[in-house]
Amino acid sequence: MSSLPLTKIIRWFSITLAIVLLPAFVWAWTGKVVNVADGDTITVLTDTKDQVRIRLYGIDAPESRQPFGSKSTQFVRDLAALQTVKVDVRHTDRYGRTVAVIFLPDGTNLNEEIVRAGLAWVYTQFCKDHSMCAKWDQLQATAKQSRIGLWHDPDPIPPWEWRRGNRGAFQQPDSAVPSWAQFSGNTSSGVFHTRSCEHFRCKNCTEFFRTRVDAINAGFRPCGRCRP
Ligand SMILES: [Zn+2]
């Protein structure tokens with residue numbers, strides 16, 4: 001070791017440290033939010049005038065045609081539109097989109113605020129940053145308890161199920177729904193829906209009733225959205 005001058009050792013150490021830490025720190029940049037597509041997708045303009053579409057990390061907002069889809073979009077617009085934000089890049093998804101945590105100019109974590117407001121689900125399957133995701137789970141539980149945002153509905157359909165449903169995988173087929181049925185009961189949540197409710201054909205909606213009294217007598221409680 002005596003043959004190695006101290007400066008050389010320090011330089012070697014610094015370079016090694018930089019290489020090790022590089023992936024963790026370099027992937028944050030700042031830019032201006034020029035579009036909000038929905039509650040979990042925004043476009044940020046870089047310093048070099050490139051528009052980068054960002055999927056917000058760890059959350060899944062209701063689709064635009066789902067209840068609270070437009071509320072979620074508007075919430076993000078109100079907070080972030082035209083703001084200069086920090087884009088903390090986590091990874092690139094299979095569609096080539098940048099997946100990131102967004103920080104507003106005052107340091108507020110945008111992803112977190114959307115969950116707090118009850119306007120997106122924690123996307124458990126893809127939320128792997130434990131320190132962040134555990135906190136978001138708690139915020140979501142609180143939102144659920146207080147029935148704020150989309151949690152106003154006791155039985156909201158998560159967007160990942162909704163997307164599957166729109167591909168025809170989970171809605172009850174015509175053959176499963178008796179023609180006389182005016183109400184359906186979700187055997188998992190104990191909630192019942194009217195025929196016009198978007199939840200009427202939900203996966204666990206396998207009991208059917210002619211009248212709301214029949215549904216209530218069978219132990220079901222009214223859906224908060226269609227209010228049967
Ligand atoms: Zn309903």
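The largest nonpolar core of this predicted model has 32 residues, and those with the most contacts inside it are Ile 59, Ala 80, Ile 102, Ile 114 and Leu 119. A nonpolar core is a set of buried Ala, Val, Leu, Ile, Met, Phe, Trp, Tyr and Cys residues joined through C-beta atoms within 7 Å. A second, separate core of eight residues includes Val 191, Phe 192, Ala 215 and Cys 223. Because the model is predicted, local features need pLDDT of at least 70 and side-chain atom pairs count only at pLDDT 80 or more, while totals for chains, interfaces and linings use all residues. Residues are numbered from 1 along each chain as its sequence is written.

**Overall composition**

- The protein chain contains six helices and eleven strands; these are DSSP runs numbered from the N terminus, with helices being H or I of at least four residues and strands being E of at least two.
- Of the 228 residues in the protein chain, 29% are buried. A residue counts as buried if 20 or more other C-beta atoms lie within 10 Å of its own, as exposed if 12 or fewer do, and as partly exposed in between, with C-beta atoms placed from the backbone.
- Among contacts in the protein chain with a separation of 6 or more, 61% are between residues 24 or more positions apart; two residues are in contact if their C-beta atoms, placed from the backbone, lie within 7 Å.

**The barrel**

- Five strands form a closed barrel in the order β1-β2-β3-β6-β5, with mixed pairing; two strands pair if DSSP finds at least two bridges between them.
- From one strand to the next, the twist averages 55°. Axes are lines fitted to C-alpha atoms, for helices over the stretch in contact, and angles run from 0 to 180 degrees between N-to-C directions.
- Strands β5 (residues 84-92) and β6 (residues 98-103) run antiparallel and are joined by six bridges; Val 87 has Ile 102 in β6 as its bridge partner.
- Helix α2 (residues 69-80) packs on the sheet, where it touches β1 (28-38), β2 (41-45), β5 and β6, and its direction makes about 145° with that of β1.
- β2 and strand β3 (residues 51-56) run antiparallel, joined by five bridges, and Thr 43 stands opposite Arg 53 in β3.
- Five residues lie between β2 and β3 in their hairpin, and Lys 49 in the turn has a positive phi of about 65°.
- β3 and β6 run parallel and are joined by three bridges, with Ile 54 opposite Thr 98 in β6.

**The open sheet**

- Four strands make an open sheet in the order β10-β8-β9-β11, with mixed pairing.
- β10 (205-209) and β11 (221-222) stand at the edges with a single partner strand each, so one side of each has no neighbour in the sheet.
- Strand β9 (residues 191-194) pairs with β11 in the parallel sense over two bridges, and Phe 192 has Pro 222 in β11 as its bridge partner.

- Cys 127 is found in the loop between β7 (121-122) and α4 (130-145), and is buried, with 21 other C-beta atoms within 10 Å.
- Leaving out residues up to four places away in sequence, Cys 127 touches Gly 58, Val 122, Cys 133 and Trp 136.
- Cys 127 and Ile 59 are 68 residues apart along the chain, yet their C-alpha atoms are separated by 7.4 Å.
- Beyond its neighbours within four places in sequence, Ile 59 is in contact with residues including Asp 40, Ile 114, Trp 121 and Val 122.
- Just after α4, Arg 147 takes a positive phi of about 55°.
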